[in-house]
Amino acid sequence: DDRPVLPAALWSEQIASFLRFGRPLPNMLYAFGGRSQRHGPLSTVEMFDTWHGRWVRCPQMPVRRAGGAATILPDSRLAVTGGYNELGIAEGLLTRCDIYDPIQQRWAP
């Protein structure tokens, strides 16, 4: 990863204290998909490790998705739904729901 690391003092005093979560994994924030000007909707998944101030790559989503939403399920898995694919917001709306298990680090079949 070629992104610069935040200075430790800035991270621990200004940012880390605001990023504390209990589930699905303590103090981890997830980013699912998105959109890039160059590649359109993305299938990437990254977890932000708030203890160490760094992004960690996770297994990619089964489909490329931009504009979706995620929620935590009672069993600590994450449901990612909605959004659109490479056909765009008018023709590529997604109706599927994909389930990610952050403990097993895999997508449900």
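**Close-up views of charged and aromatic contacts**

**View A. Arg-65 and Asp-98 form a salt bridge, with 2.5 Å from N to O.** Welcome to the first stop in this predicted model. The two partners come from distant parts of the chain, 33 residues apart. Arg-65 sits in the loop between strand S5 (54-58) and strand S6 (69-72), while Asp-98 belongs to strand S8 (residues 97-101). Are these two side chains buried or exposed? Arg-65 has a relative accessible area of 2% and is therefore buried. Asp-98 is buried too, at 5% relative accessibility.

**View B. Arg-77 and Asp-75 meet in a salt bridge at 2.7 Å, N to O.** Here Arg-77 is partly exposed, because its relative accessible area is 28%. Asp-75 also counts as partly exposed, with a value of 46%.

**View C. Arg-54 pairs with Asp-49 in a salt bridge whose closest N and O atoms are 4.0 Å apart.**

**View D. Tyr-30, Phe-32, Tyr-100 and Trp-107 make up one aromatic cluster.** Searching the whole structure turns up 6 aromatic pairs. In one of them, Phe-32 and Tyr-100 are arranged edge-to-face, with 6.4 Å from centre to centre and 70 degrees between the planes. This pair spans 68 residues, from Phe-32 in strand S1 (residues 28-32) to Tyr-100 in strand S8. Tyr-100 is buried, with a relative accessible area of 1%, and Phe-32 counts as buried at 18%.

**View E. Phe-32 also pairs with Trp-107, and the ring centres lie 6.0 Å apart.** Why is this pair called edge-to-face? The ring planes stand at 75 degrees, and planes over 60 degrees apart count as edge-to-face, so the pair takes that label. Once again distant parts of the chain are linked: Phe-32 is in strand S1 and Trp-107 in strand S9 (residues 106-107), 75 residues apart. Trp-107 is buried, with a relative accessible area of 13%.

Terms used
Residues numbered from 1 in each chain as written. Predicted model: local features only at pLDDT ≥ 70, side-chain atom pairs only at ≥ 80, totals over all residues. Heavy atoms only, no water. Salt bridge = Lys/Arg side-chain N within 4 Å of Asp/Glu carboxyl O. Helix = DSSP H or I, 4+ residues; strand = E, 2+ residues; numbered from the N terminus. Buried < 20%, exposed > 50% of the residue type's maximum accessible area, 1.4 Å probe, protein only. Phe/Tyr/Trp six-rings, centres within 6.5 Å; stacked < 30°, edge-to-face > 60°.
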